[in-house]
Amino acid sequence: MASEWQVRQDIVEVGKRLWLKGFVAANDGNISARLPDGTVIITPTGVSKGFMRPEDLVKVDLDGNRLAGSREPTTELPLHLSVYRERPDVGGVVHAHPPTATGFAVAGITVETAILPEAILAFDGIPLAEYGTPGTEELVQSVMPYLKEHNAFLLANHGALTLGADVMEAYYRMERLEMVAQISIIARVLGGERRLPEEAVERLRKAFERREETEERERKWREGLPWPCSDCMLASNCPAPNGGQSCRSQSPQSSPQEGGLRAGSEEIEAIVARVAEEVLRELRGGNRGAP
Ligand SMILES: [Zn+2]
């Protein structure tokens with residue numbers, strides 16, 4: 001787990017990158033990270049994010065009480081704290097004004113994510129939050145409706161906000177948001193964006209989920225934890241002994257019901273559809289009060 005000093009250094013590094021990339025001008029922008037004990041390290045108000053030192057940062061609790069640091073925290077402190085209160089999974093928050101993404105926010109246009117595979121996987125859409133006066137509750141309320149479902153937001157006539165498991169991830173999302181916005185503009189200049197078809201997006205998501213599943217299985221195997229068999233999807237209950245081999249390769253004669261199916265995405269879909277159908281039939285039967 002990252003130490004407080006490491007987290008402070010990460011925030012300083014993110015500030016430097018935001019400034020060098022032209023995502024902030026003068027004293028714009030603010031950055032924060034949540035420490036393992038639940039307290040928050042945040043940038044002070046009135047400083048360029050390109051020239052901070054770890055000791056310049058302010059430590060606060062979730063109610064905004066200053067616990068350490070001689071400077072005043074950013075005026076967007078309530079926004080950062082609201083994010084941490086609403087999203088226990090978030091460990092880092094970055095707010096900046098990257099010019100292209102902010103251009104979209106000023107024009108009142110959302111950044112389309114279904115144009116690039118990386119954008120589809122990184123963002124589940126990028127909502128455009130209504131304008132709210134910076135540094136006020138109005139800005140917090142404008143983001144609230146989208147907070148649970150998204151990790152990147154355009155703030156109308158203002159800038160952008162990104163979240164991550166830690167402050168580096170939040171920063172990388174800001175980088176990616178700006179990159180997607182730039183590519184989108186160039187595509188528009190060259191005649192228009194071509195959205196990826198829905199089925200290509202679905203295929204991409206499935207491939208990514210499968211990769212994540214495989215990585216999770218491998219991690220569990222390395223750590224000696226029970227892990228789901230890739231064929232029958234049972235965890236420690238799979239009849240195949242000892243991780244590494246699937247029940248299919250252990251018992252090639254097994255019937256489909258016993259786990260003889262390959263776990264290709266189409267087959268998984270078919271299984272899910274069949275199970276759903278059975279459940280629905282059960283439910284309908286139950287509603288009628290007859291089997
Ligand atoms: Zn701002």
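Strand 5 (residues 92-96) and strand 8 run antiparallel and are joined by five bridges. Strands here are DSSP runs of E with at least two residues, helices are runs of H or I with at least four, and both are numbered from the N terminus. Two strands count as paired if DSSP finds at least two bridges between them.

This is a predicted model, in which local features need pLDDT of at least 70 and side-chain atom pairs count only at pLDDT 80 or more, while totals for chains, interfaces and linings use all residues. Residues are numbered from 1 along each chain as its sequence is written, and side-chain values use heavy atoms, with hydrogens and water left out.

**Overall**

- The protein has nine helices and eight strands.
- Of its 291 residues, 39% count as buried. Buried means under 20% relative accessible area, exposed means over 50%, and partly exposed lies in between (1.4 Å probe, protein chains only).
- Take contacts between residues at least 6 apart in sequence: 60% of them join residues at least 24 apart. Contact means heavy atoms within 4.5 Å.

- Eight strands form an open sheet with mixed pairing, in the order 4-3-2-1-5-8-7-6.
- Strand 4 (66-68) and strand 6 (128-129) stand at the edges; each has a single partner strand, so one side of each lacks a neighbour in the sheet.
- Strands of a sheet pair through backbone hydrogen bonds, either parallel or antiparallel.
- Strand 7 (residues 152-155) runs antiparallel to strand 8 (residues 159-164), and four bridges join them.
- These two strands form a hairpin with three residues between them. In the turn, Asn157 has a positive phi of about 50°.
- Leu161 in strand 8 is the bridge partner of Phe153. Leu161 also stands opposite His95.
- Strand 8 is mostly covered, with six of its six residues buried.

**Thr162**

- Thr162 is found in strand 8, where its bridge partner is Ala152.
- Thr162 counts as buried because its relative accessibility is 0%.
- Its side chain reaches the backbone oxygen of Ala170 at 2.7 Å. That is a polar contact: a pair of N or O atoms within 3.5 Å, where within protein one must be able to donate a hydrogen and the other to accept it, and residues adjacent in sequence count only if both atoms are side-chain atoms.
- Beyond neighbours within four places in sequence, Thr162 is in contact with residues including Gly92, Val93, Val94, Arg173, Met174 and Leu177.

**Zinc site**

- His95, His97 and His158 coordinate the zinc ion, each through NE2, at 2.0 to 2.2 Å. Donors are N, O and S atoms within 2.8 Å of the metal (3.2 Å for Na, K and Ca); water is not among the atoms, so sites may look incomplete.
- The spacing of the donor residues in sequence is H-x1-H-x60-H.
- His95 is buried, with a relative accessible area of 2%.

**Helices on the sheet**

- Helix 3 (residues 99-107) lies across strand 6, strand 7 and strand 8, at about 60° to strand 7. Axes are lines fitted to C-alpha atoms, for helices over the stretch in contact, and angles run from 0 to 180 degrees between N-to-C directions.
- Helix 5 also packs on the sheet, touching strand 6, strand 7 and strand 8, and its direction makes about 145° with that of strand 7.
- Helix 2 (residues 77-86) has seven of its 10 residues buried, so the rest of the structure largely encloses it.
- The cover over the buried residues of helix 2 includes strand 1 (30-34), strand 2 (40-42), strand 3 (58-60), strand 5, helix 5 and strand 8.

**Glu138**

- Glu138 is found in helix 5 (residues 137-147). It is partly exposed, at 43% relative accessible area.
- The side chains of Glu138 and Thr133 make a polar contact (2.6 Å).
- The C-alpha atoms of Glu138 and Leu79 are separated by 9.7 Å, with the residues 59 apart along the chain.

**Helix 6**

- Helix 6 (residues 167-189) has 23 residues and should span 33 Å at 1.5 Å a residue; its end C-alpha atoms are 33 Å apart, which agrees. The expected span is 1.5 Å times one less than the number of residues.
- At its start, a side-chain oxygen of Asp166 comes to within 3.2 Å of the backbone nitrogen of Met168.
- Its buried residues include Ala170, Arg173, Met174 and Leu177.
- Just after helix 6, Gly191 takes a positive phi of about 125°.
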